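Please look over the sequence and the structure shown here before reading the notes on a few of its helices.

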Amino acid sequence: MANDRQFVEVSVSNGSLLGERLGPAGDVIAFKSIPYAMPPTGARRWRPADPPADWSGRRSALHNTPSAIQDDIDDQRSVYFSAAPSISEDCLYLNVWAPADSAGADLPVMVWIHGGALITGSGANPMFNGEALARKNVVLVSINYRLGLFGFFAHPELSEESPTGRSGNYALSDQIAALHWVQENISAFGGNPENVTVFGESAGAWSVSMLMASPPARDLFHKAIMLSGAHFFPMRHLQASHRGQPSAEAFGEAFAGKAQAARLSELRAKSASDLQIVLRTSGYVEPVHMPIVDGHYLTDEVYSVFERGDQADVPVLVGSNADEATSLIDFMVGPMPEGADQYRALVLDRFQDLADRVLVTYPEAAFEDAPFQMLTDAFYGWQMEYLARSMAGLNSSAYLFRFSHATSVDALHAISPDHPARKLSAFHGSAVPYVFNNIGDKYLKAWPNWPSFDPPLEAHKTLAEVMSDYWTSFAKLGVPTSSSGPEWRAHRTDARWRMEFTNGAAQMSKADDLDIFELHNEIHRRRWSKNAFWGSGSFGLQTNLPS
């Protein structure tokens with residue numbers, strides 16, 4: 001009942017906040033929708049995040065504010081299907097969960113960055129409820145940031161008005177502003193600003209890799225966790241053509257033309273919904289919603305930074321799921337060959353002199369499985385193994401995992417009506433509720449079609465306890481440990497250890513699929529060396545090797 005709510009007050013640099021205690025014992029405090037930057041509206045649209053304004057009195061932090069501007073996922077067959085969320089350009093807020101009465105405790109801080117291809121998502125998604133992690137003596141922060149057109153748009157007039165002479169990458173400026181807020185304010189909740197871990201899944205993991213490569217983000221965090229993604233794709237440059245692609249500013253000018261806006265002021269005068277309509281109908285979705293090399297937030301392509309070993313030298317915990325692609329049938333998987341002969345022809349055409357190696361790894365007899373497994377390995381498995389490997393020349397350790405656990409419901413859930421025999425299994429995103437330890441009674445479904453854990457099996461709850469132990473202990477000391485799981489050995493080039501989360505338990509072993517990753521590493525390097533440009537979906541059977 002509402003009358004049973006217990007409220008708590010905390011003061012931050014901009015004023016006083018009213019939050020509440022959670023749980024029967026009131027042992028966790030929660031504060032929702034704390035402003036970490038000024039609303040990026042009106043003249044602040046497409047400007048870097050500015051510090052928030054002070055407020056007088058006590059500000060309520062009891063309810064979620066709208067998410068960033070985005071479209072709903074309208075494919076009703078998708079696991080990620082959702083009705084249009086409450087959205088607004090006024091979206092730069094964060095949420096905090098912490099153990100109650102922990103002021104001055106110097107607890108480790110975990111800052112969650114949500115996924116969604118940088119075009120959808122929200123830090124307020126119920127799957128990311130931080131109550132259970134806070135009970136493991138960490139302070140959990142989840143953030144919103146600008147998405148899509150509003151997070152990455154570049155334009156010559158925007159560069160001209162900027163003090164740095166740059167534009168674009170506003171989402172990255174938001175994430176960095178949130179980390180500055182953490183540095184300034186998290187001690188009020190019992191957090192230690194000298195022990196901050198950034199973590200995310202999918203595009204949230206892309207963001208973490210970008211923060212590791214970003215000079216302005218250096219020293220704002222001390223550990224990094226990435227689930228199912230790193231931004232190791234070719235990137236457009238702000239003002240110069242690159243890899244045969246026009247500059248980001250040129251794409252911005254082209255988009256402005258589609259929007260019939262001759263001046264930046266006319267673009268800012270248009271409503272967010274009108275601009276989203278132009279975006280959907282212009283054919284400029286990816287060119288104006290992806291990060292760019294702007295010379296400030298990102299001085300080079302993220303992959304090149306990691307290749308040189310110039311990324312942040314912090315401990316990392318990274319990994320992917322065994323069946324990432326099963327839930328992406330309508331997004332990234334394809335083409336789907338109708339038989340072994342067609343599959344072989346596709347491989348010969350797309351992989352050229354590497355085709356024989358591809359066919360050995362993904363045989364013709366398994367042509368129905370190949371599009372799924374190839375995408376899972378090339379887009380997710382390779383990225384995570386490469387990222388762990390890239391830390392070998394630095395001081396910090398890397399810990400690698402694979403999540404292959406599937407719920408009983410997963411095993412019964414077909415990926416789509418067109419593929420009734422193929423099951424979701426350990427699909428893209430399925431590890432997240434285990435990381436947040438939200439499998440039990442507190443678990444809330446993120447989307448209507450998301451597989452249910454009602455009632456959760458003991459194996460699910462046990463695995464969630466073990467995984468959340470590893471994640472929170474890593475945030476504390478930089479080494480993942482669990483009293484209920486085996487010792488997690490660091491991943492090294494001469495001993496590629498990997499933790500496997502499967503069948504309700506954690507198992508330590510050496511990776512037995514190195515040839516697979518070496519193949520995809522060669523494919524990636526071949527494309528990179530030929531100065532090819534490809535989008536984030538052009539992996540697996542969508543790969544085209546340059547001649």
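Predicted model: local features only at pLDDT ≥ 70, side-chain atom pairs only at ≥ 80, totals over all residues.

Residues are numbered from 1 along each chain as its sequence is written, and side-chain values use heavy atoms, with hydrogens and water left out.

**Helix 10**
- Helix 10 covers residues 340-351, where a helix is a DSSP run of H or I with at least four residues, numbered from the N terminus.
- Its buried residues are Y343, L346, V347, R350 and F351, buried meaning under 20% relative accessible area and exposed over 50%, with a 1.4 Å probe and protein chains only.
- These residues lie on the same side of helix 10, because they cover an arc of only 95 degrees around the axis, the arc being that of the directions from the helix axis to the C-beta atoms.
- The face turned away from the buried side of helix 10 carries the exposed residues D341 and D349.
- The buried residues of helix 10 pack against helix 11, helix 12 and helix 16, contact meaning heavy atoms within 4.5 Å.

**Helix 8**
- The buried residues of helix 8 (residues 272-282) are A272, L275, Q276, V278, L279 and S282.
- They fall within an arc of 160 degrees seen down the axis, so they line one face of helix 8.
- Just after helix 8, G283 takes a positive phi of about 80 degrees.

**R527**
- R527 is found in helix 16 (residues 514-529) and is buried, with a relative accessible area of 3%.

Definitions and conventions: Helix = DSSP H or I, 4+ residues; strand = E, 2+ residues; numbered from the N terminus. Expected span 1.5 Å × (residues − 1).
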